[in-house]
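My notes follow in the order I looked things up.

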Amino acid sequence: MAEPTSGTHALATQLVHAGELRPRFAGAVTLPVFQSSTFEFGAEEGHPALQYIRLSNTPNHQALHTKLAVITGAEAALVAGSGMAAISAALLGVLRAGDHLLAQRSLYGGTQGLIVDALTAVGIEHTFVDADAPESWAAHLRPTTRAFYVESVTNPLVQVADLEAVVAFARNHGLVSLIDNTFLSPVLFRPLDLGFDLELHSATKYLNGHSDIVAGVVVGRGELVEHAAHRLKHYGGSLDPHACFLLQRGLKTLELRVERQSANALALAQALEEHPAVSRVHYPGLASHPRHERARRLFRGFGGMLAFELGAGHEAADRLLETLTLPVFAPSLGGVETLVIRPAISSHAGVAPEERREQGITDDLLRVSVGIEDAADLIDDFMSALAAT
Ligand SMILES: *Cc1c(COP(=O)(O)O)cnc(C)c1O
C-alpha cells in the first residue's frame, strides 16, 4: 500500500500514521521494540553511520522523531530520557558559560532547580521575571542575555503569561525563545506556529498519557534541536527503546484523551465554582480566570489541569482529599486517571511558607489533573466529598 503524505492530514490522522515505519517491519502493523543497543553497519560507502541507543537514532527513536515533528509542525524533534533531560539538553544547547537567561518566575520546580543550581554551577546566569508584565523585561536585559524561557500554563495556579509578547520581545532582542508546553500538549496549543524557537515537553505527562514511563521531548528549529541532541549524546540522557515504544503507542490516542480531559476539567471547574463550599477555582476556561480571553485566543481548549481553594483551612482540604474516592492522591499529571495533590505539602513543600503565600499558593489549595473518566462520575465524587467535609 502507498505511503500516506502525513503533512497534509489533520492532527488525529498524523498522530496515528506519521513516522510509522515503511515498509512495515515483517508486516507488523505496530512498530516493534528494537531491543538492540547497537546495529550492524550498512552497505554505505565511506564512513558508515553508527546506530546506537545513546545516539537516539534507532528505528524506535526515528519513528518517534518523525511523528513528533509532524504533529508539532517542527523542523526537527528529539526524545529524551525524561522531561528534565529534554529541558536541560535544550538549555545547555543554547547557553554557554557567561550567558544570561530570562526565565518566568514560578516555573516547574525541577526546571527552577536546574536554572538556579545546575546552570549557575557552570557559569550561566539568570533573572526570573514576571512573564505577564512585558514592560518590565527590558530592564533585565544584559549584553549577554541569550534566551527567554516560559511555560504555556503554569503549575499549580494555571496562569497564562503574555506568550505573544515573549515571542515579539525575543525576536526584537535576538533571544532564543523556549516554551515548556507540557500542560497543554500540541493538541491544544502550537507554540512553534506562534513563533517560539523551541517547544519542550515532559512526555511523562499528556504525550504518553498512561502514567507508566518517564520521557521528554524537544521540538523546533532544526539547528537548535541538533544542538540539544549533541548535548544529550554527551550527558547520556537518551530514551530507551521500550519507553520509545510506549510513548509512540500513547501518542496515537493523544487527541482523544486531551479533548476528553479538557472537557471533563471544564465541567468539573464549573461545578466547583458554583459550590458554596469552594471559595475559588483556578481554570483558564472559566470567565473568572484573569487571562481567560488570552487563553481563548491562543489555545484550542483549556487543558486538564485545575486548582481550587475551600477557604476553610488545610484541615478541611485534607478531609476532602480523604473523602474523594475516584481521584488518586499522587503527584505528576496528564494520565488517564484523575490525580489530586495539595501543593503546600507536595510539589511546593520545599518553598518557604511566605513565598508560597506570595505566589498565591494557599495551604488549602488543591490541584487536580483531570483524567478521562466519565464527567458525571467525577463531579458526583467531588460533590459528595464536599458535602461530607
Ligand atoms: C513533570 C514536568 C517536568 C519534568 O518532567 P520529567 O518527565 O518528570 O522529567 C517539566 N515541566 C513540567 C511542566 C512538568 O510538569
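This is a predicted model: local features need pLDDT of at least 70, side-chain atom pairs count only at pLDDT 80 or more; totals for chains, interfaces and linings use all residues.

**Entry 1: two cis prolines.** I began with P23, which is found in the loop between helix 1 (11-17) and helix 2 (59-72). The peptide bond joining R22 and P23 is cis, and I read an omega of about -5 degrees. Then I went to P156, in the loop between strand 4 (145-151) and helix 5 (163-172). Here the bond from N155 to P156 is cis, with omega near -5 degrees.

**Entry 2: positive phi at two serines.** Next I looked up backbone angles. S56 sits in the loop between helix 1 and helix 2, and its phi is near 55 degrees, a positive value in a residue other than glycine. Is S56 buried or exposed? I find it buried, because its relative accessible area is 7%, and the cut-off for buried is under 20%.

S332 has a relative accessible area of 33%, so I noted it as partly exposed.

**Entry 3: H65 and what it touches.** H65 is in helix 2. With a relative accessible area of 13%, H65 counts as buried. Which residues does H65 touch, not counting those up to four places away in sequence? I listed S56, A77, L78 and V79. That brought me back to S56, the serine with the positive phi.

**Entry 4: S347, a loop residue.** I found S347 in the loop between strand 11 and helix 13 (353-359). It is partly exposed, since its relative accessible area is 39%. Leaving aside neighbours within four places in sequence, S347 is in contact with N155 and I341.

**Entry 5: helix 3 against helix 8.** Now for some packing. Helix 3 (residues 83-94) and helix 8 (residues 222-235) pack at an angle of about 115 degrees, and their axes are 8 Å apart. That angle is why I wrote down helix 3 as roughly perpendicular to helix 8. The crossing of helix 3 and helix 8 is right-handed. Who makes the contact? From helix 3 I have A85, A89, A90, L92, G93 and V94. From helix 8 I have L224, H227, A228, R231, L232 and Y235. Sorted by class, the contact of helix 3 with helix 8 has 9 nonpolar, 2 polar and 1 charged residues.

**Entry 6: the buried side of helix 12.** Last stop was helix 12 (residues 314-323), where A316, A317, L320 and L321 are buried. These residues cover an arc of only 145 degrees around the axis, which means they are on the same side of helix 12. A reminder to myself: an α-helix has 3.6 residues a turn, so residues three or four places apart point the same way. What covers the buried residues of helix 12? The cover includes strand 9 (305-309), strand 10 (328-329), strand 11 (339-341), strand 12 (366-369) and helix 14 (375-388).

Conventions:
Residues are numbered from 1 along each chain as its sequence is written. Side-chain values use heavy atoms; hydrogens and water are left out. Axes are lines fitted to C-alpha atoms, for helices over the stretch in contact, and angles run from 0 to 180 degrees between N-to-C directions. Helices (H or I, at least four residues) and strands (E, at least two) are DSSP runs, numbered from the N terminus. Angles under 35 degrees count as roughly parallel, over 145 as roughly antiparallel, 65 to 115 as roughly perpendicular and the rest as oblique. A crossing is left-handed if the near helix is turned anticlockwise from the far one by less than a right angle, and right-handed if clockwise. Contact means heavy atoms within 4.5 Å. Ala, Val, Leu, Ile, Met, Phe, Trp, Tyr, Cys and Pro count as nonpolar, Asp, Glu, Lys and Arg as charged, and the others, Gly among them, as polar. Buried means under 20% relative accessible area, exposed over 50%, partly exposed in between (1.4 Å probe, protein chains only). The arc is that of the directions from the helix axis to the C-beta atoms.
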